[in-house]
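I record what I looked up, one topic at a time.

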Amino acid sequence: MVKYQDSIEKYVVGNKLLPILGSMVQIGFSLVTLYLPKMILDCVTAQVSLQTLLIRLCLTGGLWLLLSVADPAVHNAITSHAQTQLYTRWIPAWEEKTMDLDYELFASHQGKILMEKARGAVSSPNWGMVTYLPRLTALLEAAGGLLAYSTILCMLHPLVVLALLLLFGMELGCSIRTERKKQSLKTEKAEAGRKLNYIAYGTRGLQEGKDIRIYHMAGWLREMARLALEHKRGLEQRTAGYELQRLLFSGSLILVRDGCAYGYLLYSFFHSNMSVGDFSLYFAAITGLGGWLSRLTEGISKLQEAGNFVKDYREYMELGEEKTAPGKAEALLYQKAGPELQLPPGFRLQDISYAYTEVREDGREEKHQVLEHLHLEIAPGEKLAIVGENGAGKTTLIKLLCGLLHPQQGRIEVGGIPREAFAPEEYYQLFSAVFQSSGVLPVSIADNIALNTTGSIDRERLQRCIRVAGLEEKLRSLPRGEDTCLIRRITGGTELSGGQLQRLLLARALYKEAPVLILDEPTAALDPLAEQEIYRQYQQFMAGKTAVFISHRLASTRFCDRIILLEEGRIAESGTHEQLLARGGKYAEMFRVQSQYYQEKEEGKA
């Protein structure tokens with residue numbers, strides 16, 4: 001995130017030239033506009049020659065014209081610079097951060113909220129972080145204009161300026177308090193925005209479209225959207241209410257402030273030798289000072305709001321940076337394995353505990369213990385199966401092993417090296433994995449398997465993986481074979497069935513040729529016969545690899561060296577398929593129930 005830090009610091013702190021230049025041009029333009037009527041009135045009342053009047057008009061008018069052209073040009077440059085930063089740096093950095101963020105933080109409630117708030121900060125070219133530089137410019141203009149006009153009014157009477165500044169302080173306090181109230185609603189707004197985004201974008205896929213039609217979910221989804229939208233509108237109305245209160249209070253102060261100032265000016269004009277030109281100058285200065293005061297109040301409030309967007313973005317971009325390890329552990333791992341690298345790594349999980357934290361609607365947190373004081377050793381090259389009922393912690397254990405989650409208690413060692421010694425990308429290189437749900441991209445089947453951004457695909461390895469995964473027959477039916485694009489609605493290519501999709505994901509895991517293979521229900525969409533055929537091929541392909549396998553079909557675990565049964569977050573049973581059956585425990589009972597089901601199914605077919 002070094003690029004992000006450099007760009008944000010340069011934008012927020014380092015790039016001072018444009019705001020300073022913009023404020024100087026704006027203040028100069030205002031002062032010339034303020035001085036022009038006084039100059040004309042003084043010339044008329046003094047009855048100067050027409051030539052003198054025209055010379056003064058030309059000089060002053062020429063300066064006014066120059067500044068009137070420079071003012072929008074500089075401000076347009078400021079806006080353009082901010083929007084360029086948005087599209088070239090901040091949005092790409094947000095997307096890169098979202099892809100690289102530690103999975104545990106990515107999936108956490110905190111991570112989701114910070115992600116949504118940061119997304120809101122860079123979601124518009126007219127809102128969010130892009131407003132920081134223009135609003136900083138506006139604040140500098142207001143401060144400079146206030147100083148210049150106050151200097152002019154001090155010549156009328158210093159107490160006039162003091163009274164105006166006192167009322168300004170009251171207006172400023174109201175604005176700061178209003179901004180704090182608005183900021184307190186931002187987290188709730190982010191949660192409401194996430195709900196609406198999910199309803200809008202998470203329910204329009206092909207799979208969701210089937211469920212929506214079969215189960216007549218359209219009315220229900222519309223009602224959910226209506227409730228979410230009403231909640232968000234309620235938050236927006238509360239924000240608008242805070243802003244309305246601020247405007248009413250500010251309007252009342254302006255009425256008192258300007259009324260008193262104009263009254264004193266009229267009194268001074270009729271009871272002193274004040275010229276018409278001076279009266280015009282002071283009158284415009286009082287009006288202008290009121291404007292600068294209002295702009296300064298608004299500028300501080302708006303800059304604070306823009307600063308909050310920068311803070312939201314910065315918090316997300318810095319999220320999880322402290323977890324990054326220095327790396328180099330992979331080299332140590334293979335040094336321990338020997339120069340020929342004959343053995344894949346083994347694992348040792350010592351006293352592992354893990355609980356998920358759920359945030360309820362009332363904001364309270366609830367912890368759900370999944371794994372508790374678990375001990376497990378996986379030998380190098382071992383084929384381990386993990387079984388158990390739903391919720392026993394099987395997938396959580398896999399995610400901990402892969403480094404997607406971090407144990408809240410205990411430690412994980414890989415080949416004797418602590419997990420924390422690996423950099424994330426270094427650790428992920430050890431694994432090929434097929435999880436319960438994975439996606440495909442709108443590119444060719446070959447690219448979906450290889451996931452190779454360099455454009456160089458090992459076709460021989462690709463064909464071998466396709467053959468092992470059982471995709472050959474499907475690809476032979478396609479005119480372009482493995483070069484056929486997926487996701488028809490985007491590419492016009494083809495779609496894969498559920499079973500074919502899982503075969504593609506298996507081929508993807510095999511293509512990576514990592515030393516550790518993780519299979520989390522990889523054949524759930526396949527029938528038992530097809531599953532057995534794939535595992536027979538797997539046994540050949542997994543030679544020389546450490547493999548960890550989750551399945552609800554206990555018959556498919558026979559090819560593994562060892563099976564562990566998880567129950568209530570602990571290892572309840574461990575052994576080979578035959579040993580566990582002979583023991584007559586929970587595993588044997590589950591296997592008997594499943595065997596009876598398949599037997600009845602076969603009898604029904606007969």
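This is a predicted model: local features need pLDDT of at least 70, side-chain atom pairs count only at pLDDT 80 or more; totals for chains, interfaces and linings use all residues.

Entry 1. I looked up helix H6 with helix H7 (residues 158-184). Their axes are 7 Å apart and pack at an angle of about 140°. H6 and H7 are therefore oblique to each other. I recorded the crossing of H6 and H7 as right-handed.

Entry 2. I then looked up H6 (residues 132-154) with helix H11 (residues 276-317). The two axes come within 7 Å and cross at roughly 150°. An angle over 145 counts as roughly antiparallel, and H6 and H11 are therefore described in that way. The crossing of H6 and H11 is left-handed. Which kinds of residue make up the contact of H6 with H11? I found 22 nonpolar, 5 polar and 5 charged residues there.

Entry 3. I turned to the surface. A nonpolar patch is formed there by Ile 40, Val 44, Leu 50, Leu 54 and Leu 57, and together these residues have about 430 Å² of accessible area. Which helices each supply at least two residues of this patch? They are helix H2 (17-45) and helix H3 (50-100). H3 gives the most, with 3 residues, and Leu 57 lies in H3.

Entry 4. Last, I looked up charged pairs. Side chains of opposite charge can pair when their charged atoms come close. The cut-off for a salt bridge is a distance within 4 Å between a side-chain nitrogen of Lys or Arg and a carboxyl oxygen of Asp or Glu. By this rule I counted 19 salt bridges. One of them joins the side chains of Asp 312 and Lys 117, at 3.9 Å from N to O. This pair links distant parts of the chain: Asp 312 is in helix H11 and Lys 117 is in helix H5 (residues 109-121), 195 residues apart.

Key: Residues are numbered from 1 along each chain as its sequence is written. Side-chain values use heavy atoms; hydrogens and water are left out. Axes are lines fitted to C-alpha atoms, for helices over the stretch in contact, and angles run from 0 to 180 degrees between N-to-C directions. Helices (H or I, at least four residues) and strands (E, at least two) are DSSP runs, numbered from the N terminus. Angles under 35 degrees count as roughly parallel, over 145 as roughly antiparallel, 65 to 115 as roughly perpendicular and the rest as oblique. A crossing is left-handed if the near helix is turned anticlockwise from the far one by less than a right angle, and right-handed if clockwise. Ala, Val, Leu, Ile, Met, Phe, Trp, Tyr, Cys and Pro count as nonpolar, Asp, Glu, Lys and Arg as charged, and the others, Gly among them, as polar. Patches are made of residues with over 30% relative accessible area and no salt bridge: like charges are joined within 9 Å, nonpolar side chains (Val, Leu, Ile, Met, Phe, Trp, Tyr) within 5 Å. Accessible areas come from the Shrake-Rupley method with a 1.4 Å probe; for residues, only the protein chains shown count as cover.
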